[in-house]
Amino acid sequence: MSRPPEQRSETRFSDFKHAYNEAQALAEANRCLYCEDAPCIQACPTSIDIPEFIRKIATGNLKGSARTIFSSNILGMSCARVCPVETLCVGDCVFNAMEAPPIQIGKLQRYSTDIAFDKEWRFFEAGPDSGQSVGLIGGGPASLAAAHELRRLGHACTIYEKRSVLGGLNSTGVAPYKMKADRAADEVEWVLAIGGIDVQLGVEIGKDVSWADLESEHDALFFGAGLGPDRFLKVDGEDLSGVFGAVDWIEAMKLQDLDLASVRSAVVVGGGNTAVDAVRELLGLGVPKVTMVYRGDEAKMSGYQHEWREAKVEGALSIWRGVPTAFTGSGKLESITVAALNADKKPTGEASALPADLALLAIGQGKLGDMLGSLDGVTVEWGRVVTAEDGATGRPGLYAGGDAANGGKEVVNAAAEGMRAARGIDAYLGGDRG
Amino acid sequence: MADLTTNCGGIISPNPFWLASAPPANSGKQVMRAFDAGWGGAVWKTLGQPIQNVSSRFGATNYGGTAAIGFNNIELITDRPLDVNFAEIAEVKRLYPKHAVIVSLMVETRQEWQDIIKRSIDTGADGLELNFGCPHGMCERGMGSAVGQEPRVNEEITSWAKEYSSIPVLVKLTPNVGDILPHGHAAQRGGADGVSLINTIKSIISVDIDRFVPNPRVGSMSTNGGYCGAAVKPIALHMCGQLARDPGFNIPISGIGGVTNWRDAVEFMLLGASSVQVCTEVMLKGYRIVEDMIEGLNEYLDEKGFASASEIVGKAIPGYSEWGNLDLNYETVAKIDSESCIGCYKCVVACHDGAHQCIHPNPDDARVPIVDEDECVGCNLCQIVCPVPDCISLVEVANGFAPASWNEHLNEGAVLRPKKGSH
């Protein structure tokens, strides 16, 4: 499996949330109340039995602790680092109601899963061969989680990934102060270690292989290809050197060594989590001035408030109710014209010029669901593949999950949907092996 | 400020807080530092024929991340020359005349007792404590708890000590007996001026699950030791109260066992202790804990309107009775304060798995559990597991039944209320 190169811009970041040492983990684990029917479990898309894995840390049953986590979520290592725990499990910890510090579930999960990785503990093996095979399109969290579960159920798996690396956004998109690409590669290896997962890199559906080929090759298919390319504003000057889609730029920052020495002023357009990540990444890489331009108000931005608060502490500037109407410069970006908007996001007629030598557009990504639009039985809404609870599309044998189906959520949602789809596929294939 | 002056069997100290006979009272320098910190008295580390100790000597019981809620040791009596000990005791008494210094003793023969008592008195010490309690090592040599477990021997040696001593004699009792009463009475018959209890409880503190040897480990072996620390307080309180409420037992008690703070001390005093002795908490935290003990006791006495510490001695004894005298018609049910409840459902699982299945999840999203009061037996378990102070209270139910104990029911036909939760 190909691993990311040594020289990468992202390696300049350290973990913003430090890993626990043993003493810290024990102190925190012992603070957990071990709630019954715990709200934190309900808040976790993969329903990890959080009080149980924490209790096992406290008793020194580390292997059992990791087993509890991975049994519910094979991507528990990356989720421990990248989950927005403040809005999920930690946000629902009962200590919040007591106005006491909530249990640091993410850090404890990281403690347990990191040890499992370090010690190379293996908890799962492939089930008896079912004689059936499943093709998985896309090599990100949804497909990895699905493939691992399918292997436990005995089905042969082939993952088709158009990039040269597996891991999806865990490898190419996660903010490096949460997790870097090499750790994502560790996790890919950890998942593939169950064996029997064939990986086809550099294969794009519709180009290198057709749907008809896939459907004849496999007994069932899982579509987990994520989202499409960055959207652009379709205004003048977007083709100037220095203007990039944010997801593209982040991928480059994570997998290559970028030269940002000449960047004095960067602008990130958008108010979602990709925008906030990009702002913090630019600041962390030493860009002196980073401004977020968002068409709405601060209170209405879709990026997590706890992340944006940190960004402001790190020096982020912002322009609210603004939208770029032109990117200008001679040969390369020099200035952005920002039109002012009113509360209804309509132009007020005022505009200002914002000097900038780098602009990242984080205004959303295209949806890949349209790739399936031509298939009979598949319903696509707003670019998202519509699925039942078990991931089934309307086409027999075709399942979907992750961003392609949910429109863009967290890694943990993709992991949950991948696992559910695997069970749906198993049922479809006639498996009832418990 | 209340008067904290303590008189325990004729031994006077400025407050009821004494160092127990143990490592914190091993030497003159230590005891003087303890007195400087505020301790009212010190029972010197037991003197006898100096012994040779092992390493290691201590072990601890940890719970939920809290170290040493229980503690044990396999250390023996003093390993320092008697001459040195006596010289230091005399020096302490010379420099701290108002503090109580009690010499703990453990020897074998009548002649040895006579000799060591004379030398102890010569130091100017305020009292003696006969160590009839040590449950490890010394008992194998016929001393310590081997004496304390035989009322006849206890009485005899106590009477020797009283014969030779011109200063008060306390007898330190072992808890390693089925019933403490005969042993307290033996000391009283022997003429003791008071008893101190409890000494440590025979125990194995833990087992090294990697080496297959109990702790504390001495090479490839270990032995049973004496259990003490916070966890033993309930056992000590019972034995203290058991003696204090016995009409035939009329000598003072120095309470020992799991005293970690002023609250524990007050509890011992309410159950009949005139003074309290502390070892483990000092070993874990240092002499400095006495500042809070003195202050806390003072505040408590002031708040309750007591002019002196001695007024609370035995105050809870009338409230300690036999089970057969308890009012079976007294009924409580659990009430959960929905404002402070945090929805952890610890009470739900505890009640379902460990009690009477009468606290249920809330069918709404509120997560404030629902108590089925018709089924609630008022057992207290929910309140014990609740992490929020005062969230769950046990509220008395006016059921219309006159008080009736089991004894009254048996002997006088008193009417009992219908049982709850027994179907």
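Modeller: The model is predicted. In chain A, α3(A) and α4(A) are roughly antiparallel to each other, because their angle of about 165° falls in the range over 145 degrees that counts as such. Helix α3 of chain A covers residues 50-59, and helix α4 of chain A covers residues 62-72. Their axes are 7 Å apart, and the crossing of α3(A) and α4(A) is left-handed.

The residues that meet can be listed from each side. From α3(A) come A:Glu52, A:Phe53, A:Lys56 and A:Ile57. From α4(A) come A:Leu62, A:Gly64, A:Ser65, A:Thr68 and A:Ile69. Sorted by class, this contact of α3(A) with α4(A) holds 4 nonpolar, 3 polar and 2 charged residues.

Helix α3 of chain B spans residues 110-122 and helix α5 of chain B spans residues 151-164; they pack at an angle of about 40°, with their axes 9 Å apart. That angle makes α3(B) oblique to α5(B). The crossing of α3(B) past α5(B) is right-handed. On the side of α3(B), the contact is made by B:Arg110, B:Trp113, B:Gln114, B:Ile117 and B:Ile121. On the side of α5(B), the residues are B:Ile157, B:Trp160, B:Ala161, B:Glu163 and B:Tyr164. By class, the contact of α3(B) with α5(B) has 7 nonpolar, 1 polar and 2 charged residues.

An assignment divides chain B into domain 1, residues 6-319, and domain 2, residues 323-412. The C-alpha centres of domain 1 of chain B and domain 2 of chain B are 39 Å apart.

Chain B also has strands that form a closed barrel. The barrel has 8 strands with parallel pairing, in the order β3-β4-β7-β8-β9-β10-β15-β16 of chain B. From one strand to the next, the twist averages 25°. One pairing in chain B can be followed in detail: strand β15, residues 253-256, and strand β16, residues 273-278, pair in the parallel sense over 4 bridges. Within this pairing, B:Ile253 stands opposite B:Ala273 in β16(B).

Technical notes: Residues are numbered from 1 along each chain as its sequence is written. Chains are lettered from A and ligands numbered from 1 in the order in which they are written. This is a predicted model: local features need pLDDT of at least 70, side-chain atom pairs count only at pLDDT 80 or more; totals for chains, interfaces and linings use all residues. Side-chain values use heavy atoms; hydrogens and water are left out. Axes are lines fitted to C-alpha atoms, for helices over the stretch in contact, and angles run from 0 to 180 degrees between N-to-C directions. Helices (H or I, at least four residues) and strands (E, at least two) are DSSP runs, numbered from the N terminus. Angles under 35 degrees count as roughly parallel, over 145 as roughly antiparallel, 65 to 115 as roughly perpendicular and the rest as oblique. A crossing is left-handed if the near helix is turned anticlockwise from the far one by less than a right angle, and right-handed if clockwise. Contact means heavy atoms within 4.5 Å. Ala, Val, Leu, Ile, Met, Phe, Trp, Tyr, Cys and Pro count as nonpolar, Asp, Glu, Lys and Arg as charged, and the others, Gly among them, as polar. Domain bounds come from an automatic or database domain assignment. Two strands pair if DSSP finds at least two bridges between them.
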